[in-house]
Amino acid sequence: MYSIGIDIGGSKIAAGVIGEDLNLIRKKSLPFPHTGNPLDSIETIRTLIRGLISECNLKEEDAACIGLAVPGSIDYDRGVVINAYNLDYHDFPLCQYIGESFPGIKVYVENDANAAALAEYYCGAFRGCSSGLLITIGTGIGGGLMLDGKLFVGGKKNGFEFGHAVLLFGGEPCTCGQRGCIESYCSAAALVREGRKAASEHHESAMYVNAQGDLTKINAKLVMDSAREGDQVASEVYQRFTDYLGATACTAIALFDPEIIAFGGGVSNDGEFLLAPIREYARKYAFFKNHAKIVTAEMKNDAGIVGAAMLYLQR
Ligand SMILES: [Zn+2]
């Protein structure tokens, strides 16, 4: 038995075969065809699946599922992508299109952040835990929640938008139209915004100097590097950022009492430089002290493929 996971992103479509022992046996990818016709991407997905099946000498009847992860909102009972703006999928019957070409195989679709949480649960940081929260720090805040061994999907099965829970009432505007969301303080974009603001007021800071006075050159890495090197202005910005993440972890701990919270995304590549201050905050302020382990996510770039391939174990 095997399953196939497809991670459909705005730049590329990545596909992989997962074996019975949950190992990623083979993967391949193709660019997402931005032709204006989303049906062209269906052809790309079919090509990838057929390629994997033939290269690995697999039989269609041995497949547990084809799982599809998309960056958008889905109706998974109908197998329809409601909106995935980067892919130009709107009310798009993705599972039906793929299923027509592989009639013997079950086809499932899931939001990519939820798929990533499933990947951590079956193959990554959450192994051995029944409840875990994944928080992915990117331009926005993504994430997924495993509760008592089940992926939390909610009433309309749209999943989990923890990034749009309010952290600071009346705070910074968020892309969702609300103010003060977790995303507007804990995302990499928020760190950049605060770094640029501080640098514009403190030309003596290492951020301003390293960017040669060009604020647009200040990215999350530059803020973090400057803080690590001891620059006072960058350190203050970074301390506030990790405090916001700590408060977010405490909110999650009070709501769900997870056994583990894993942080993913580029900002988390620094490991302890990010985790230590969040742990310290949680040690002081979490309602349930020392319940949740705070770690980095393990699945990295394969999270979407692996999580999508695991969908048959949850449906
Ligand atoms: Zn929001």
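**Close-up views of a predicted model**

View 1. Residues are numbered from 1 along each chain as its sequence is written, and side-chain values use heavy atoms, with hydrogens and water left out. Lys 217 sits in the loop between α6 (206-210) and α7 (220-228). Helices (H or I, at least four residues) and strands (E, at least two) are DSSP runs, numbered from the N terminus. Leaving out residues up to four places away in sequence, Lys 217 touches Ala 211, Gln 212 and Leu 222; contact here means heavy atoms within 4.5 Å. Met 207 is ten residues from Lys 217 along the chain, and their C-alpha atoms are 9.2 Å apart.

**View 2. Five strands make an open sheet.** Reading across, the order is β3-β2-β1-β4-β8, and the pairing is mixed. Two strands pair if DSSP finds at least two bridges between them. At the edges you'll find β3 and β8 (107-111), each pairing on one side only. From one strand to the next, the twist averages 20 degrees. Helix α1 (residues 39-55) packs on this sheet and touches β1, β2, β3 and β4, with its direction at about 150 degrees to that of β3. Axes are lines fitted to C-alpha atoms (for helices, over the stretch in contact), and angles run from 0 to 180 degrees between N-to-C directions. Helix α2 (residues 94-101) lies across β1, β4 and β8, running at about 150 degrees to β8.

View 3. Seven bridges hold β2 (residues 12-19) and β3 (residues 24-31) in an antiparallel pair. Look for Ala 15, whose bridge partner in β3 is Lys 28. The β2-β3 hairpin has four residues between its strands, and there Leu 22 takes a positive phi near 70 degrees. Strand β4 (residues 63-70) pairs with β8 in the parallel sense, over five bridges. Val 70 stands opposite Asn 111 in β8.

**View 4. Asp 7 is a buried charge without a salt bridge.** Asp 7 belongs to strand β1 (residues 2-8). Asp 7 is buried, but has no salt bridge, meaning a side-chain nitrogen of Lys or Arg within 4 Å of a carboxyl oxygen of Asp or Glu. Its nearest side chain of opposite charge is Lys 12, 7.4 Å away. For charges, Lys and Arg count as positive and Asp and Glu as negative, while His and the chain ends are not counted. Beyond neighbours within four places in sequence, the contacts of Asp 7 include Lys 12, Ile 13, Asp 112 and Ile 305.

**View 5. Three strands form another open sheet.** The order is β5-β6-β7, with antiparallel pairing. The edge strands, β5 (73-75) and β7 (89-92), each pair on one side only. Strand β6 (residues 80-84) is joined to β7 by three bridges. Val 81 has Phe 92 as its bridge partner in β7.

Note on methods:
This is a predicted model: local features need pLDDT of at least 70, side-chain atom pairs count only at pLDDT 80 or more; totals for chains, interfaces and linings use all residues. Buried means under 20% relative accessible area, exposed over 50%, partly exposed in between (1.4 Å probe, protein chains only).
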